[in-house]
Amino acid sequence: MATIRVQREDFDAGAEAAALAQGRADVGAVVSFVGYCRDEGGRLAALELEHYPGMAEAEVARVAEEVERRWPLLGLTAIHRYGRIGPGERIVLVAVAAAHRGEAFAAAEMLMDYLKTRAPFWKRAIRPDGVAEGWVEARHDDDRAAARWEAGGG
Amino acid sequence: MKAVYFAWVRERIGKSEEELDPPPSVATVADLVRWLSDRGEGYAYAFEKPAAIRAALDRVHARPEAEIAGAKEVAFFPPMTGG
């Protein structure tokens, strides 16, 4: 049921979300989230996203399966880009369809929280002068956000 | 087994992949980290803080105590920063 893509190219977020409800009479809610590259107040010219080609798609699929086991979903799409991505460009999309908004909001958030901590992608910041600034460090807040779904909360 | 490295682990070691043939005494992911650390300066630098390293066996996340026997591919990388 899940649509998982790991790709260099951009995606059409509106079309992806709309596709989840297309031709169906049982979907009452579609929630989508799009993550964008920020310029960090002018300090960042681009992000370079490295990924583990053999594992990224498989791990996103495993995360999607967990989310689908937890919430009664009618559809799920996750797309994550890699390569060079500039400010204002899309990095990631998660979209879920459900009968009701409660499980759709929760499932989208859980999916995103798990993607951040488990999907094998690494960001490097490129400065406006073209110099690679170094690898973005993982945030404890992201670990905490992911952990709260494990205690059965959310 | 094949080893693959990503992000700053790859940069510090200076290569993205290689073949490894660890001795039988190297049983777990943590053992492998210790064994690799002795292979040279780049490895020692990459693995200087074992708690900062994540690993995968055959493309599935693996904990330090995971047994490496039978794995065809081991990966080492920093905590993930996608999304």
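I began with strands β3 (residues 46–51) and β7 (residues 121–126) of chain A, which pair in the antiparallel sense over six bridges. Two strands count as paired if DSSP finds at least two bridges between them. Helices (H or I, at least four residues) and strands (E, at least two) are DSSP runs, numbered from the N terminus.

I noted that this is a predicted model, in which local features need pLDDT of at least 70 and side-chain atom pairs count only at pLDDT 80 or more, while totals for chains, interfaces and linings use all residues. Residues are numbered from 1 along each chain as its sequence is written, and chains are lettered from A and ligands numbered from 1 in the order in which they are written.

**Chain A, around β7**

I looked up the bridge partner of A:E48 in β7(A) and found A:R124. On to β8 (residues 132–135) of chain A: β7(A) pairs with this strand in the antiparallel sense over three bridges. There, A:A125 has A:G134 of β8(A) as its bridge partner. The hairpin of β7(A) and β8(A) has five residues between the strands, and A:G130 in this hairpin takes a positive phi near 90°.

**Chain A, four-stranded sheet**

I read the strand order of an open sheet of four strands in chain A as β1-β4-β6-β2, with mixed pairing. β1 (2–7) and β2 (29–36) of chain A are the edge strands with a single partner strand each, so one side of each has no neighbour in the sheet. Ignoring direction, neighbouring strands of this sheet are turned by 5° against each other on average. Axes are lines fitted to C-alpha atoms, for helices over the stretch in contact, and angles run from 0 to 180 degrees between N-to-C directions.

I then checked β4 (residues 73–81) and β6 (residues 90–98) of chain A, which pair in the antiparallel sense over seven bridges. In this pairing A:L76 stands opposite A:V96 in β6(A). Helix α1 (residues 13–21) of chain A packs on the sheet, touching β2, β4 and β6 of chain A, and its direction makes about 15° with that of β6(A). Helix α2 (residues 56–70) of chain A also packs on the sheet; it touches β1 and β4 of chain A, at about 155° to the direction of β1(A).

**Chain B**

I counted three helices and five strands in chain B, running β-α-β-α-α-β-β-β from the N terminus on. The C-alpha atoms of chain B fill a box of roughly 35 × 30 × 20 Å along the principal axes.

I looked for the buried residues of α2 (residues 29–37) of chain B and found B:V29, B:L32 and B:L36. They cover an arc of only 55° around the axis, which puts them on the same side of α2(B). The arc is that of the directions from the helix axis to the C-beta atoms. Buried means that 20 or more other C-beta atoms lie within 10 Å of the residue's own, with C-beta atoms placed from the backbone. The buried residues of α2(B) pack against α3 (41–46), β3 (54–57), β4 (60–62) and β5 of chain B.

**Interface**

Contact means C-beta atoms, placed from the backbone, within 7 Å.

Key. Buried ≥ 20, exposed ≤ 12 C-beta atoms within 10 Å, placed from the backbone. Contact = placed C-beta atoms within 7 Å.
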